There are 2 protein chains.
Amino acid sequence: MKEYSIGQMSRRTGVKVTTIRYYESRGLIPAPARTTGGQRRYDEAALERLAFLRHARELGFSLGDIADLIALAEAPSKDCAPAHEIARKQLAAVDRRMTILAQLREELVRMADADDPGHAGKCRVIEVLGDHRLCIGAHGRPDRSADLSGS
Amino acid sequence: MKEYSIGQMSRRTGVKVTTIRYYESRGLIPAPARTTGGQRRYDEAALERLAFLRHARELGFSLGDIADLIALAEAPSKDCAPAHEIARKQLAAVDRRMTILAQLREELVRMADADDPGHAGKCRVIEVLGDHRLCIGAHGRPDRSADLSGS
DNA sequence: ATACGATCTACAGCGACTGTAGGTTCAAGA
DNA sequence: TCTTGAACCTACAGTCGCTGTAGATCGTAT
């Protein structure tokens with residue numbers, strides 16, 4: 001059966017070496033076997049778990065959510081409503097982010113090709129960013145608690 | 001001329017009180033006038049600056065970028081190429097994020113309405129998340145450095 | 001005058017990493 | 001077999017952008 005060093009794990013999943021160790025320290029992946037010299041050696045299962053982790057992180061799940069998911073997956077079945085709840089929550093968050101990003105993209109486009117770089121003097125980038133009146137209240141919801149914080 | 005307490009600033013811009021103080025401590029907004037009792041009193045200009053800040057944050061600019069932008073805006077014109085550079089960088093980042101989010105959204109939708117919550121037993125949420133083979137390498141770029149980190 | 005919410009400072013803590021220092025191990029080539 | 005040099009190890013501090021806490025003070029409406 002195949003064995004992987006932490007570096008190979010990193011290359012195969014795209015998760016940085018330091019981050020893999022961090023995940024281990026957080027209990028998100030089990031402590032792997034070690035060589036006599038103390039280096040980590042992972043098996044196929046560990047590779048899959050790490051890929052799952054990377055995947056879930058990309059989906060925007062917090063490490064806490066992921067831990068919950070893992071616990072759910074390892075618990076003797078039971079009710080999966082909590083898992084749905086987590087997924088739905090993430091979906092809502094993603095939708096929110098996408099909406100904002102779409103609006104923002106337009107403004108950035110306006111900014112980026114406002115005038116050729118090099119032209120000194122009037123600089124639309126700063127102008128547009130400064131002229132928040134154009135969009136204050138358009139995206140975001142002033143007079144309510146900000147939802148800038150992620151997750 | 002109107003004056004605003006920090007709480008009013010917060011309500012008007014959607015930036016939390018603590019965050020406003022944080023921005024001040026980071027030098028992103030100037031220290032405002034104070035009442036004899038020591039409470040902050042802001043003017044219209046400060047309100048605009050804060051709105052700008054909120055706006056720029058929503059656009060995905062880092063506080064560092066924003067500081068640069070402010071410096072550029074306050075400097076005696078000069079060359080605005082750096083501002084363009086920042087805007088273009090952000091635009092690229094936004095595009096990247098949107099692409100990823102769009103793909104992820106689909107997976108989340110698949111998960112979220114995989115089966116009605118309540119049905120015990122098989123839980124597609126965990127199943128889908130576990131079956132990362134469906135997407136490993138599809139989004140994200142394994143074998144390259146991960147770009148999970150923001151900004 | 002009193003009450004009560006808003007504000008003050010200072011500082012610790014969070015999430016999710018990332019980087020550093022200083023040492024050890026492993027695998028491939030000479 | 002020996003030697004190199006990349007990869008690995010631990011421990012811990014630092015980053016970013018906030019957020020929360022404690023305990024005191026302020027300001028305004030009644």
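## Helices of chain B

In α3(B), the buried residues (under 20% relative accessible area, where over 50% is exposed and in between is partly exposed, with a 1.4 Å probe and protein chains only) are Ala46(B), Leu47(B), Leu50(B), Ala51(B), Phe52(B), Leu53(B), Arg54(B), His55(B), Ala56(B) and Glu58(B). This helix covers residues 44–58 and has 15 residues, reaching 21 Å from first to last C-alpha, close to the 21 Å expected at 1.5 Å a residue. That expected span is 1.5 Å times one less than the number of residues. Just past α3(B), Gly60(B) takes a positive phi of about 100 degrees.

Next up is α4(B), residues 63–74: its end C-alpha atoms sit 16 Å apart, which agrees with the 16 Å that its twelve residues should span. Its buried residues are Leu63(B), Asp65(B), Ile66(B), Leu69(B), Ile70(B) and Leu72(B). Helices here are DSSP runs of H or I with at least four residues, and strands are runs of E with at least two, numbered from the N terminus.

## How to read the model

This is a predicted model, where local features need pLDDT of at least 70, side-chain atom pairs need pLDDT 80 or more, and totals for chains, interfaces and linings use all residues. Residues are numbered from 1 along each chain as its sequence is written, chains are lettered from A and ligands numbered from 1 in the order in which they are written, and side-chain values use heavy atoms, leaving out hydrogens and water.

## Salt bridges

Over all chains, the count is four salt bridges, each a side-chain nitrogen of Lys or Arg within 4 Å of a carboxyl oxygen of Asp or Glu. In chain A, Glu24(A), Arg34(A) and Arg40(A) are linked in a network. Arg40(A) and Glu24(A) have their closest N and O atoms 2.7 Å apart.

Arg34(A) meets Glu24(A) at 4.0 Å, N to O. Arg34(A) lies in strand β1 (residues 33–34) and Glu24(A) in helix α2 (residues 17–25), so the pair ties together parts ten residues apart in sequence. Arg34(A) is partly exposed, at 43% relative accessibility.

Over in chain B, Glu24(B) bridges to Arg40(B), with the closest N and O atoms 2.7 Å apart. Glu24(B) is buried at 15% relative accessibility, and Arg40(B) is buried at 17%.

Asp65(A) is found in helix α4 (residues 63–74) of chain A and is buried, with a relative accessible area of 8%. Gln90(A) is 25 residues from Asp65(A) in sequence and 9.6 Å from Asp65(A) in space, C-alpha to C-alpha.
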